[in-house]
Structure formats: C-alpha cells, structure tokens
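Welcome! Let's take a friendly tour of the spaces inside a protein and see what lines them. Have the structure open beside you as you read.

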Amino acid sequence: MAKLAQFKDFGKKIVCVGRNYREHAAELGNPVPSKPILFLKPTTAYISEGQAIKIPKGCTDLNHEVELGVVIGSRATNVQESEAMKYVGGYALGLDMTARDWQAEAKKNGHPWSLAKGFDTSCPISAFIEKDKIPNPENVDIWLKVNGETRQSGNTKDMIFSVAHLISYISQFFTLEPGDLLLTGTPAGVSKLKSGDIIQAGLGDVVNVQFTVQS
Ligand SMILES: CC(=O)CC(=O)C(=O)O
Ligand SMILES: [Mg+2]
C-alpha cells in the first residue's frame with residue numbers, strides 16, 4: 001500500500017452512489033434499490049473551502065446532499081468485499097450538489113443525470129481525512145445546516161450498501177484508482193438553496209466545512 005500522504009492531493013474521478021439511504025429514497029418518492037445506483041461527476045466539479053457553490057444558469061431548484069466520501073488508496077479491480085477496505089486510502093466530506101429540477105426532467109425522459117449532477121462547483125469537498133480518523137465508516141454522524149438551521153442529520157449506519165460492498169461492486173465494472181472519490185449517498189433532508197445561503201456540514205466531530213451559495 002502506497003503512503004497515505006500522496007492522497008492529500010486527491011481529485012481524480014468522482015463515483016457517486018444514489019439512494020443509499022431508505023429515508024432519502026422515500027422523500028423523493030423513489031424505490032429502495034436492490035443494487036447500487038451509480039453515476040459519475042467530472043473532475044471539474046470539485047471545489048474546496050473558500051470557493052463558492054455557483055447556482056448553474058437556468059437551475060431553479062439547487063439542492064444540497066451531504067455525503068461520506070471515501071478516497072481510494074490503491075488500484076481496485078474486481079476486489080472481494082472481504083478485501084475491499086484495504087483499498088481505502090482515507091475519507092472526505094463531500095456535497096453532491098444537485099440541480100433537482102434538471103434531475104426530475106432527466107428522470108421523466110429517461111435521460112442521464114450528468115448535467116443535473118456534474119455542473120461546475122457541484123462537488124464541494126473537505127480536506128483529506130486520514131483513514132485512522134474514521135475507524136468505522138459504518139457509524140459516523142453526518143449533518144448539514146443551512147444558515148445555522150439543521151437540514152440533514154443522519155448516520156452512515158443507515159446506508160443500505162456498506163463501503164466495502166460499494167467498492168467491491170463498483171470494481172467489478174470499472175477500475176478504481178488512487179485518488180478517486182466515492183460519494184456514498186445522502187441521508188434524508190435535502191432542500192432547496194438560494195443565493196447567499198451559507199452551508200455548514202460535517203462528519204461527527206472529525207471534520208466540518210463551510211460553503212457559500214452564489215447565483
Ligand atoms: C436522487 C439522488 O439524487 C440520488 C443521490 O445522489 C443520493 O445521494 O441518494
Ligand atoms: Mg447524492
């Protein structure tokens with residue numbers, strides 16, 4: 001296993017999991033999946049603290065989705081679930097910013113979610129979190145506030161598919177590389193944002209971030 005330090009500059013492909021919490025699937029009227037639902041964001045979606053989340057032109061319903069991010073530590077192809085955690089290099093807090101109006105339109109027409117999920121600034125991310133700071137990724141409080149008001153408050157124990165299962169499943173179809181980010185899905189409480197809103201989000205007391213929304 002390569003040294004963790006090299007992953008402080010993570011920022012490779014972004015693999016996202018949808019509907020990994022029952023209550024979030026329910027709040028959007030979606031069925032609970034029997035296998036992971038996957039989509040990708042381009043690397044141009046990343047922003048870090050100090051950069052603003054931009055409401056994409058024409059979007060009328062920008063939503064926040066706070067998620068546990070897993071940073072891949074070594075190349076993973078077709079790995080067994082029992083071995084999968086060895087491929088974790090560390091963690092990050094990620095926001096899967098979503099143009100919900102565009103996503104609804106895409107869903108209605110059977111189109112992909114790339115625009116709704118992959119626009120510039122759609123992946124605000126914390127600094128890299130060393131792997132040993134999160135000894136059990138299946139039991140981490142995850143929360144998000146907008147202008148000081150709690151909107152999302154969950155725990156990763158409620159994920160339908162575990163981190164190990166996700167890595168194993170994804171790696172059957174495409175290779176995960178060092179520096180890739182896996183966003184593991186959002187708990188319930190997603191809501192609409194407007195220009196000027198201040199988002200604060202965190203993973204337990206391990207990390208917290210703040211981002212401003214701009215039109
Ligand atoms: C309905 C969604 O946007 C799926 C998703 O991204 C999630 O985190 O769940
Ligand atoms: Mg999401």
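Start with helix α2, which gives the most to the lining of the largest cavity, with three residues. Keep in mind that this is a predicted model. Rolling a probe the size of a water molecule over the atoms shows where empty space is left.

**The cavity**

- How many cavities of 30 Å³ or more does a search of the whole structure find? The search finds one.
- About 100 Å³ of space lies in the largest cavity.
- The lining of the largest cavity is made up of 17 residues, and those that lie nearest its centre are Gly18, Arg19, His24, Glu65 and Gln103.
- Both β1 and α2 supply at least two residues each to the lining of the largest cavity.
- Sorted by class, this cavity lining has seven charged, six polar and four nonpolar residues.

**The ligand**

- What takes up the space of the largest cavity? That space is the one taken by ligand 1.
- In the shell around ligand 1, the elements that give two or more residues are β1 (14–18) and α2 (100–109).
- There are 14 residues around ligand 1, and the ones that come nearest are Arg19, Glu65, Glu67, Asp96 and Lys117.
- The shell around ligand 1 divides by class into six charged, five polar and three nonpolar residues.

**Contacts with the ligand**

- Glu67 has a polar side-chain atom 2.9 Å from an oxygen atom of ligand 1.
- Asp96 likewise places a polar side-chain atom 2.9 Å from an oxygen atom of ligand 1.
- Thr186 takes part through its backbone: a backbone N or O atom of this residue lies 3.1 Å from an oxygen atom of ligand 1.
- How much of the accessible area that ligand 1 has on its own does the protein cover? The protein covers 100% of that area, which is 280 Å².

**The pocket**

- The volume of the largest pocket is about 150 Å³.
- Which residues line the largest pocket? They are Tyr21, Arg22, Glu23, Ser153, Gly154, Asn155, Asp158, Pro187 and Ala188.
- Helix α1 (22–27) and strand β12 (149–155) are the elements that give two or more residues to the lining of the largest pocket.
- β12 gives the most to that pocket lining, with three residues.
- By class, the lining of the largest pocket has three charged, three polar and three nonpolar residues.

Definitions and conventions:
Residues are numbered from 1 along each chain as its sequence is written. Chains are lettered from A and ligands numbered from 1 in the order in which they are written. This is a predicted model: local features need pLDDT of at least 70, side-chain atom pairs count only at pLDDT 80 or more; totals for chains, interfaces and linings use all residues. Side-chain values use heavy atoms; hydrogens and water are left out. A residue is near a molecule or strand if one of its heavy atoms lies within 4 Å of it. A polar contact is a pair of N or O atoms within 3.5 Å; within protein, one must be able to donate a hydrogen and the other to accept it, and residues adjacent in sequence count only if both atoms are side-chain atoms. Accessible areas come from the Shrake-Rupley method with a 1.4 Å probe; for residues, only the protein chains shown count as cover. On a 1 Å grid over the protein atoms alone, a cavity is a set of points where a 1.4 Å probe fits but cannot get out, and a pocket is an open set with protein on both sides within 12 Å along at least five of seven lines; lining residues have an atom within 4 Å of a point. A molecule sits in a cavity or pocket if more than half of its atoms lie within 2 Å of its grid points. Helices (H or I, at least four residues) and strands (E, at least two) are DSSP runs, numbered from the N terminus. Ala, Val, Leu, Ile, Met, Phe, Trp, Tyr, Cys and Pro count as nonpolar, Asp, Glu, Lys and Arg as charged, and the others, Gly among them, as polar. Grid points are joined across faces, edges and corners, and a volume is the space filled by probe spheres set on the points.
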